[in-house]
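Subject: Structure handover, backbone notes

Hello,

Here is the structure for you to take over.

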Amino acid sequence: MTNMYPENFRYTKEHEWVRVEGDTGTVGITFHAQKELGDIVYVDLPKVGTMVEQGKPLGAVESVKAASDLYSPVSGEVVEVNETLATAPEKLNADPHGEAWLVKIRMTAPGETTHLLSAAEYQVYVEAE
Amino acid sequence: MLDTLGLARLEELYAHLPQDALLNRPLDLPAGKSEYEIADYFRARGAENGFFSGFSGGFASFLGAGVYFHYRPVLVDTVVSRGEFLTSYTPYQAEISQGTLTSIFEFQTMLCQLTGMDVANASMYDGSSATPEAALMARRITGRNRILVARSVHPEYREVLRTYTRYERIEVEEVDYDPESGAIDVNQLESKINEATAAVLIQSPNFFGIVENVRQAAEIAHAKGALLVFLFTEAVSLGLLEPPRDADIVAGELQSFAIPPSYGGPFAGVMASKEKFMRQLPGRLVGETTDSKGNRAFCLTLSAREQHIRREKATSNICTNQALIALMATVFMTVYGKAGLRELALQNLSKAHYLGAKLKRRFTGPYFNEFVAVTDDPEAVNRELEEEKIIGGLPLERFYPDLKGSVLLCCTEMSRREHMDRVAQGMAAQETDR
Amino acid sequence: MITKVRSHPSQNEPLLFEISSPGKQGYQLPELDVPALDPAEALGAANVRTEIEGFPEVSEVEAIRHFTRLSTWNYAIDLGLYPLGSCTMKYNPRINEQVARTEGLSWIHPYQADSLSQGAMEILATLEQALLEITGMDAVTLQPAAGAHGELTGMLLVRAMLEAQGNPRRTVIVPDSAHGTNPATVRMAGYEVANIVSNDHGMLDTAALERMVNRDTAALMLTNPNTVGLFEVHIREIARILHAHGAQLYMDGANMNALAGIARPGDFGADVMHLNLHKTFSTPHGGGGPGSGPVAVKRHLEPFLPKPRLTRDKARDRDRDGDRWRWNYDRPQSIGRVRAFYGNFGVLVRALAYIQAHGGDGLKRATLDALLNANYLRKLLEPHYQIAYAAPSMHECVFSDSRQAALGVSTGAIAKRLIDYGFHPYTVNFPLIVHGALMIEPTETESKRELDLFAEALIAIAREVEQEPELVLGAPYSTRTSRVDEAAAARKPVLKWSGVMRSA
């Protein structure tokens, strides 16, 4: 059974992922998260320049029947926000690991990703839920 | 049915409750009464009150102050008495609630048309609780903690504002009224507003009946990055007065729209705002959409703001709205329509100014259907008028100790010339120089 | 076989703005008996609007047809059972509607003199006494406009009392099975929510509570019976644990329909509670409101109640003898007002009429019938749906959709199929502690006949799930609208008419 969760991502127990390239972390929500939420209707994201901390609230995702807080997998400064989600939040259901990334963060503590789960560990975690 | 459950007595259904939690005696209440006795009880209680009948032979009344006597078109009760409206539930199941949802959508639309706002909700409990909700909304939007509220906003609305904001770490400060015009003291507003102010709350017509310069207040607020919250208690005024297009948030009371005064409730409040603040509005919202066959359909929407989903992160804890009462308002607005609402407002204006011209008024500002008159002893005047089955205006000393010898009078389309003349006579006998 | 409903053409009807035509009118005002004013002169031209753009203009016939047609698209209690758990959709007696419209009660102004309002105040005082007898509490306020409003009032009272003792404390404990208004209210009262998990039996775990409660705890907000319809049998122990730490027990009274006449929260340890008059006391839901949420308290919280309070005076006034009611504003420790005026008086009148019609015996009988109806349904449905907890149900029963979900059909789909059988759905997916909840509360209103039809319907659907699940998944088929696109409504909200219909 192939692992649908990309190997080069790290994962949180709150169902966010981060892809690290150099000192930039691209953040999103996982396939499991969007499935639980249902049809996503709105995403509330921070402005460019906001400072975030690992494990602290980053924003929120709303679906018709539920709302979920987003917690940042890494600490740093928000340098880019995916504006396309404002007009097309449904992308989060279609391509949560790719096109529907949420924010890019310039990381201030790259070492802290060791606290996060690997793809294999996350797969196990999700199956147990 | 007990047989199906294998039980002998109904009491066995709660036999599993701990003995020490049970009420082991009958309730000490009078025995159940027949329909006739109940009807008689309430008629007797009704007869013990002096009530505005609006019809020949009953009491006349000149009270306003947030609750108004307007004629209720017959169609209003005809519609809200239909069981499909009266006994239906919150429209969570869209397929079998399109009646309720459609009428709320119409309500939202008409409130936007009346107030000049882009979006309106499906009603709040009343104007007095919509007021703090508007202040909290402004705080959420701006991230600031100071609220400036005009002292000419309804005194009980300001009290409710204080109760709600006490533990929300919001500082509420009052801006006095100008003793000449009766409108907000603009100089004081300018000196008190700063970069920590989330919003300025202003009511128009204000508690004294004076029409405020909303544009000016909005300019002052916006210059400091604060929001302008427009409040109203007399919805009929919107039929004639320029709507508050410069406001960011509107909150008000719709009791004037065919909702019986009913000793203070139930009423229906409403909140409305500019489009960009839509997601911060508390309360229910009905949206237009389509169904699987491409037909237009309506449903509750943006629910993710509400308590049943967001729980502690909700925009408010509100669950019930005032759907049936809002429906009364919707039918009222439909019966009067575009031309009727204006004509109704014009009649109110004409009646009030007829009486206002005969009395010594306290303030010089423009007024709609309420004004403050000056007299030596308001209580004495009212006692005399009561003998002739006229309820006079509201002596203001209880709310504004600085306005001793002032009384707030309201005239509506239901006020009769003969009664207004009688009031003028009674107050003239007490006339005093300022 | 669907036996309860059959189709029938229902009228289409556009929006008011679409049938509007300039010059049409449905009103006629009397002639003015004073000179008509020029508004621009009287108010200043800048203050006068030109017109209300887009506002409808229709005739009286068009208006009555419009709203009548709309009404026929709604389900209602007058049409049939609403099995909504925790909503208590009982019959709305019509005598209540009539008495609320008594001229002397509907046309009185809250600011008219107390001497002209004695009848109204007598009604309020009588209702207060009745509610105290029913709840076993010491004092009550009728000001709050709804349940959630009552919750906020109750929590503000707790806070005020604790502050008067020197420390308001920080947290309020809320069960994970609680109604969403509870945690939302906690935050509005300036507290933090501490969640407590229910045990395997669907009830509050007293050992867990004991570990959780400390000097930082202001209160526990509890619904009893809880949201899975079970009476918290350890309620006295729960109260003891809280009181030992100086914390308060707030009881959410939404489920009073299971208790009236057989148990009183004041007797089993509640310090403060709210009632939902639009649930237990039959006032109409009206499509979502109005409600009324009186808050009843024990003596130690009485000084903090909202003002004014109704007081009886023995003072004489001019030539009137005897007792007189008046509004007392001299309440120095009061939390203030939670709304203008005195409460939803029109709703309070209806609730009193209901209590008078039943009397003490009648209220208890209604409760017993409510328990009977819920347990009867449970018995009929248990072979087909998974009951959530084994403990005896009170006035509502909660099932999980686990058996049906295993076959690919969830509680939401079953609920929609129920519409085809002629019923309003039960409460779907609440409380959250039950997977795929079906929460069913019939109330005492329903006859055996209606209940049998309801059980038959749900059993037939369970069979459909086994034999042709696709049929259930595509429901409802018989309604005017189906598969309303809620996602589109939320993604691109259209909240008012703009002259253009949105396309699919």
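How many C-beta neighbours does Ser86(C) have inside 10 Å, and does Ser86(C) count as buried or exposed? Ser86(C) has 24 such neighbours and so counts as buried. The cut-offs are these: a residue is buried if 20 or more other C-beta atoms lie within 10 Å of its own, exposed if 12 or fewer, and partly exposed in between, with C-beta atoms placed from the backbone.

This is a predicted model, in which local features need pLDDT of at least 70 and side-chain atom pairs count only at pLDDT 80 or more, while totals for chains, interfaces and linings use all residues. Residues are numbered from 1 along each chain as its sequence is written, and chains are lettered from A and ligands numbered from 1 in the order in which they are written.

Positive phi

Most residues other than glycine have a negative phi, and most peptide bonds are trans. Ser86(C), not a glycine, has a positive phi of about 70°. Ser86(C) sits in the loop between helix 3 (60-71) and helix 4 (94-100) of chain C. Helices (H or I, at least four residues) and strands (E, at least two) are DSSP runs, numbered from the N terminus.

In chain B, Lys389(B) has a positive phi near 60°. The loop that holds Lys389(B) runs between helix 12 (378-387) and strand 12 (390-391). Lys389(B) counts as partly exposed because it has 15 C-beta neighbours inside 10 Å.

Cis peptide bonds

Lys307(C) and Pro308(C) are joined by a cis peptide bond with omega about 5°. Pro308(C) is in the loop between strand 7 (295-297) and strand 8 (309-313) of chain C. Another cis bond leads from Phe430(C) to Pro431(C), with omega near 0°; Pro431(C) is in the loop between strand 12 (427-428) and strand 13 (437-440) of chain C.

Regards
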